[in-house]
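Here are some notes to read alongside the model. Have the structure open and follow the numbered points in order.

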Amino acid sequence: MKVVIQRVSEASVTIANQVVAQIQQGLVVLVGIEDKDTIEDINWLTSKIVNLRIFSDSNNVMNLSVKDILGDIIAVSQFTLHALTKKGNRPSYIKASKPEVSVPLYEQFVLKLEQELGHTIQTGQFGADMKVALVNDGPVTIIIDSKNKE
């Protein structure tokens, strides 16, 4: 499972000209799922995400987590995180899970993230053409792959 985490001062997801998710300070988490992902990947990643100390404290040092600041999260399914670009110029998405595998894992990811954070998070809509707008605060962007625990 791969995630791209962006610290934001505001963000939204729009589908068919309707805003379906909107937050102020918090995180936008893009989530890529592959067939070999498990509940262990979900548990490790969700704990890591909510406890990452990437928000500034009173001394302007990144020492606080999204949980510490009572921030919000938008989680967006993003199969293109598993793009293979070695051959040619057209990416292959063969490593990304099909919906019958990825939808249940994504839903488990969202539920576990809510449990870890302590409140409801917002999401995009799986498989929809989404417009994700955000103001990346910092900018702070972190990429994590649960397979190599980095």
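**Notes on the model**

1. Start with Asn17: at 77% relative accessibility, Asn17 counts as exposed (exposed is over 50% relative accessible area, buried under 20%, partly exposed in between, with a 1.4 Å probe and protein chains only). You'll find Asn17 in the loop between β1 and β2 (18-23). Its phi is near 65 degrees, a positive value in a residue other than glycine.

2. Before going further, the ground rules. This is a predicted model, in which local features need pLDDT of at least 70 and side-chain atom pairs count only at pLDDT 80 or more, while totals for chains, interfaces and linings use all residues. Residues are numbered from 1 along each chain as its sequence is written, and side-chain values use heavy atoms, with hydrogens and water left out. Helices (H or I, at least four residues) and strands (E, at least two) are DSSP runs, numbered from the N terminus.

3. Leu70 also has a positive phi, near 55 degrees, in a residue other than glycine. Leu70 sits in the loop between β5 (62-64) and β6, and is exposed, with a relative accessible area of 71%.

4. Now the helices. The axes of α1 (residues 39-51) and α2 (residues 99-117) come within 9 Å and cross at roughly 40 degrees. That makes α1 oblique to α2 (under 35 degrees is roughly parallel, over 145 roughly antiparallel, 65 to 115 roughly perpendicular, and the rest oblique). The axes are lines fitted to C-alpha atoms, for helices over the stretch in contact, with angles from 0 to 180 degrees between N-to-C directions.

5. Who makes that helix contact (heavy atoms within 4.5 Å)? From α1, the contact residues include Ile39, Ile42, Leu45 and Ile49, and from α2 they include Leu105, Phe109, Lys112 and Glu116. By class, the contact has 9 nonpolar, 4 polar and 2 charged residues. For that count, Ala, Val, Leu, Ile, Met, Phe, Trp, Tyr, Cys and Pro are nonpolar, Asp, Glu, Lys and Arg are charged, and the others, Gly among them, are polar.

6. Next, the largest nonpolar core, which has 26 residues (a core is a set of buried Ala, Val, Leu, Ile, Met, Phe, Trp, Tyr and Cys residues joined through side-chain atoms within 4.5 Å). Val3, Ile5, Leu27, Val29, Ile49, Ile73 and Phe109 touch the most other members. At least two residues each come from β1 (2-15), β3 (26-32), α1, β6 (72-77), α2 and β8 (130-145). Of these, α2 gives the most, with 6 residues. Apart from this core lies another, of 12 residues, among them Val4, Ala11, Ile15 and Ile23.

7. Not counting residues up to four places away in sequence, Ile49 touches Val3, Ile5, Leu27, Val29, Val66, Ile73, Phe109 and Leu113.

8. Leaving aside neighbours within four places in sequence, Gln6 is in contact with residues including Leu27, Leu134, Asn136 and Val140. Gln122, in strand β7 (residues 122-123), counts as partly exposed at 26%. Beyond four places in sequence, Gln122 touches Val20, Ala21, Gln22, Ile23, Ile73, Ile74 and Ala75.

9. A cis peptide bond joins Gly138 and Pro139, with omega about 0 degrees.

Definitions and conventions. Contact means heavy atoms within 4.5 Å.
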